[in-house]
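Hi,

Here's the structure I promised to pass on. Have a look at it first, then read my notes below.

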Amino acid sequence: MTLAYAHESTLAWRKANRDRAVPNRTITVRIKRCEGPGKPSRWESFSIKVSPNENVISVLQKVAANPVTAEGKPTTPVVWDSGCLEEVCGACTMVINGAVRQSCSCLIDEYAPAEGDTITLEPMSKFPVIRDLWVDRARLFHSLKRIKGWVPVDSTAALGPGPKEDQATQGTRYAISECMSCGCCLEACPQFTLEPDAGEWDSAFIGAHAIAQARLFNLHETGKALKGERLDELMGPGGVSDCGNAQNCVKVCPKGVPLTESIGAVGRSVTLHAIASFFRGR
Ligand code: SF4
Ligand code: SF4
Ligand code: FES
């Protein structure tokens, strides 16, 4: 599968397509269907009438309301995941015309602007399919547990103001904090593969999102209390050294998280941590 990236080179053709989109046209929506985990996949096509500014979710709702294929065969409603419908939760991520992205912010006008155009929807390939376009992103969240992606506090009582943070660090952390755990960076990463089962997650490649989040919490004045434990994890199997520097991740991230910059910064911290650990004798 060729992944087209949602970076600037695609923005021009998306706008051009929006400008030439034919109002009230009929398009074909081609969807990769799967009845459940481990079941074989099949393709089904649907003829759908679309109006200006519709998104992929509204088209899927039309399919759900009338689950009949383009050949006139009744079928089951298509299943997908979504939450916020404003590109914040990451749940609706899927592969659209070969490019991984959020379906709630994907305008049909940009991808199928002419009468009779086809838009293709597939589930992400790096996560197990639960059904149709809905995948299980549990491994993505497991990676965040591996790097202890939280600020440790030992009380629910008011502890007063926390330590001050300088503006430059705040700016760096803000950009990383925009991650919505969507999985685009993992879908595009050649080092992140579908194969590992849950028992092997702790040694499989952890993923760009988790490496960036380790940087986020290591830069936090209170969060850095766990810095050593995070770097220990990233020094081990599946850690930062497994990154092949293909840089696909940063190209597909819809939030512009500075992933490769963060991988570089964490890689340097891991090296210093390894040297310090060596001299400490552990
Ligand atoms: S880093 Fe970007 S692509 Fe990766 S999970 Fe976060 S928001 Fe999605
Ligand atoms: S830079 Fe590393 S994490 Fe990003 S896509 Fe390449 S191998 Fe994967
Ligand atoms: S539904 Fe939340 S990002 Fe699309």
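To start with the overall make-up, the protein chain contains 10 helices and seven strands. Keep in mind that this is a predicted model. Its mean pLDDT is 94, with 96% of the residues reaching 70 or more. Be careful with residues 1–6, though: pLDDT stays under 50 there, and the model gives that stretch 19 contacts beyond four places in sequence.

Now the whole chain. Its C-alpha atoms fill a box of roughly 70 × 40 × 40 Å along the principal axes. There are 282 residues, and 44% of them count as buried. If you take the contacts with a separation of 6 or more, 68% are between residues 24 or more positions apart. The accessible surface is about 13,900 Å², and carbon and sulfur atoms make up 55% of that.

Next, find strands β1 (residues 25–34) and β2 (residues 41–50). They run antiparallel and are joined by 10 bridges. For one example of who faces whom, Lys32 has Trp43 in β2 as its bridge partner. The two strands form a hairpin with six residues between them, and in the turn you'll see Gly38, which has a positive phi of about 80 degrees.

Finally, go to helix α10 (residues 259–280), where Leu272 sits. Is Leu272 buried or exposed? It's exposed, because its relative accessible area is 59% and anything over 50% counts as exposed. Leu272 also belongs to a nonpolar patch on the surface, along with Ile275, Phe278 and Phe279. Together these four have about 520 Å² of accessible area.

Cheers

Methods. Residues numbered from 1 in each chain as written. Chains lettered and ligands numbered in written order. Predicted model: local features only at pLDDT ≥ 70, side-chain atom pairs only at ≥ 80, totals over all residues. Heavy atoms only, no water. Patch = residues over 30% accessible without salt bridge, like charges linked within 9 Å, V, L, I, M, F, W, Y side chains within 5 Å. Areas by Shrake-Rupley, 256 points an atom, 1.4 Å probe, with all protein chains shown as cover. Salt bridge = Lys/Arg side-chain N within 4 Å of Asp/Glu carboxyl O. Helix = DSSP H or I, 4+ residues; strand = E, 2+ residues; numbered from the N terminus. Buried < 20%, exposed > 50% of the residue type's maximum accessible area, 1.4 Å probe, protein only. Pairing = 2+ DSSP bridges. pLDDT = per-residue confidence, 0-100. Contact = heavy atoms within 4.5 Å.
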